[in-house]
Amino acid sequence: MSPTEGAGTEPNGTPDVLEPGGGARPGTPLLTVRGLHKSFGDNSVLRGIDLDVRRGSVTALIGPSGSGKTTLLRSLNGLSIPDAGRITAAPSAHPSGDPGTKTEGGDAPLTLDFSRKTTKRQRFALRDRSAMVFQQHNLFPHRTVLQNVIEGPVQVQRVARADAVERATELLERVGLGEKRDAYPHELSGGQQQRVGIVRALALRPELLLFDEPTSALDPELVGEVLTVMKELADEGWTMVVVTHELQFARAVADEVLFLDGGHVVERGAPRQLFREPREERTRQFLHRLLHPME
Amino acid sequence: MDWELAREAFWPILSGGLTGTIPLTLVSFAIGLVIALVVALLRLSSNVVLAWIGTAYVSVIRGTPLLVQLFIVFYGLPNLGIVVDPWPSAIVAFSMNVGGYAAEIVRAAILSVPRGQWEAGYTIGMGTTRTLRRIVLPQAARVSVPPLSNTFISLVKDTSLASTILVTEQFRKAQEIAASHPDQLMLLYLEAALIYWIFCTVLAAGQRAIEKRLDRYVAH
């Protein structure tokens with residue numbers, strides 16, 4: 001089999017633009033996290049976190065601020081480097097050397113053991129599996145919408161510019177922003193900016209999408225348009241880990257919800273169970289506060 | 001006032017500006033910016049030794065007079081067996097001087113770019129160098145245009161100091177004419193001042209044009 005005929009690749013050698021995860025079988029493990037610890041000075045933010053992310057699954061991380069959920073998310077792509085623990089990523093579904101995929105040479109499982117010193121190369125390899133959508137979108141203000149989206153594919157992944165533009169245009173149209181291609185980020189509404197942020201992540205064709213409170217900085221009336229796009233991605237089978245305060249979204253979309261507090265996973269389970277019948281008192285209190293903030 | 005002399009002297013003084021002051025300013029500023037970027041990155045480095053070198057450089061340049069720096073290069077170095085012509089001496093001294101001042105501007109501009117921009121660069125797969133070059137520096141450039149323009153305009157005027165090390169620039173041209181008209185010093189030096197003022201006014205207009213252009217991606 002030639003390298004360009006791997007999983008998720010169409011006969012003409014061009015992977016389907018919209019196909020998540022390179023077409024690898026859903027349900028197989030993508031990321032395995034064991035015993036993750038992280039401190040900032042005396043402040044211990046992660047105290048032994050385990051997490052399994054399966055292909056095609058949506059994992060929601062909920063919890064009070066300071067619970068460690070954002071640090072956990074940032075550890076998954078190397079923006080935050082844990083002090084101890086292990087992250088193992090399954091072999092890439094993208095065949096190695098396939099241009100325009102986030103992963104190169106990802107044929108072997110990748111293990112980062114943070115109790116030892118990890119190399120930059122390892123952290124880059126881990127980062128290459130995923131793409132991140134930030135709370136503050138972090139679009140590049142000096143670049144147009146289109147330039148924002150094609151920056152990674154063209155500059156890092158060496159995709160031909162014309163191909164990157166075509167794909168970016170397609171993705172932008174899909175989230176209803178085809179006409180904003182040449183606008184600068186500051187000319188867009190918050191919801192539009194965040195949708196561009198999502199498209200910028202999708203354009204990298206990652207195996208895993210990470211969302212760090214993607215709607216928390218938005219005006220309430222703009223939250224819906226972003227959540228709608230995220231739900232569509234989940235329905236298409238993208239693997240997602242989402243830090244969120246949107247319980248309704250988590251309930252409707254997530255396969256598994258983790259409630260974090262004080263650097264521990266206090267409780268995990270299917271949303272139906274966790275939201276309706278939380279086993280732990282702390283989970284119950286947190287959910288109650290979120291649903292009845294005035295009491 | 002000897003208006004006839006003023007008219008005769010205008011072109012020689014102006015041409016001293018066009019062939020001396022302006023090229024000296026442009027070349028020194030260009031080299032100075034490169035020095036500034038290097039020194040700014042040294043200062044921002046997590047390596048203590050490199051950061052210290054950057055800090056020391058800025059401290060020495062800003063803590064000593066430009067005229068003294070110029071004299072050290074032109075009159076001092078020959079004692080060490082290094083003889084440098086007036087023009088290169090002036091370029092070396094002015095570049096290093098601009099480098100010291102502009103380094104602080106560049107450093108502050110880089111620091112003004114939000115951390116999220118670095119992280120966004122990293123998460124699309126870029127390393128530090130590429131993120132700096134493609135994401136951070138273009139935004140830092142916008143922030144640093146006004147203060148760098150001030151440095152540039154100061155440099156235009158500071159190059160008159162090169163007259164003391166025999167560089168034939170605008171002010172030295174005025175001095176040469178003044179030498180044969182000792183009763184018209186006021187006129188000739190005012191004339192030189194006027195031409196400096198014209199240069200600087202034009203440059204300030206250019207500065208505003210650049211800022212306006214760079215503003216196109218900034219929310220108003």
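Which residue in S5(A) is the bridge partner of A:Thr88? Before the answer, some conventions are needed: residues are numbered from 1 along each chain as its sequence is written, while chains are lettered from A and ligands numbered from 1 in the order in which they are written. This is a predicted model, in which local features need pLDDT of at least 70 and side-chain atom pairs count only at pLDDT 80 or more, whereas totals for chains, interfaces and linings use all residues.

The pLDDT, the predictor's confidence in each residue on a scale from 0 to 100, has a mean of 86 in chain A, where 87% of the residues reach 70 or more. Two stretches of chain A stay under 50: residues 1–18, for which the model has 29 contacts beyond four places in sequence, and residues 95–99, for which it has 16 such contacts. A contact here joins two residues whose C-beta atoms, placed from the backbone, lie within 7 Å.

Chain A has nine helices and 10 strands, these being DSSP runs (H or I over at least four residues for helices, E over at least two for strands) numbered from the N terminus. Of its 295 residues, 50% are buried, a residue being buried if 20 or more other C-beta atoms lie within 10 Å of its own, exposed if 12 or fewer do, and partly exposed in between, again with C-beta atoms placed from the backbone. Among contacts in chain A between residues at least 6 apart in sequence, 67% join residues at least 24 apart.

One open sheet of chain A has four strands in the order S2-S1-S4-S5, paired antiparallel, where pairing requires that DSSP finds at least two bridges between two strands. Its edge strands, each pairing on one side only, are S2 (43–54) and S5 (110–113) of chain A. Neighbouring strands of this sheet are turned by 10° against each other on average, direction ignored.

The sheet can be followed strand by strand. Strand S1 (residues 29–40) of chain A is joined to S2(A) by nine bridges, with A:Phe40 opposite A:Asn43 in S2(A); the hairpin of these two strands has two residues between them, and A:Gly41 takes a positive phi near 60° there. Five bridges join S1(A) to S4(A), and A:Thr32 stands opposite A:Thr88 in S4(A). Strand S4 (residues 84–89) of chain A is in turn joined by four bridges to S5(A), again antiparallel, and the partner of A:Thr88 in S5(A) is A:Thr111. Helix H2 (residues 120–127) of chain A packs on this sheet, touching S4 and S5 of chain A, and its direction makes about 125° with that of S5(A); axes are lines fitted to C-alpha atoms, for helices over the stretch in contact, with angles running from 0 to 180 degrees between N-to-C directions.

Between the chains, 17 residues of chain B are in contact with 21 residues of chain A. The elements of chain B that give two or more residues to this side are helix H5 (115–123) and helix H6 (128–158), and H5(B) gives the most, with six residues.

Within chain B, the buried residues of helix H7 (residues 170–179) are B:Gln170, B:Phe171, B:Arg172, B:Lys173 and B:Ala174, and they pack against helix H1 (3–44) and helix H8 (185–214) of chain B.
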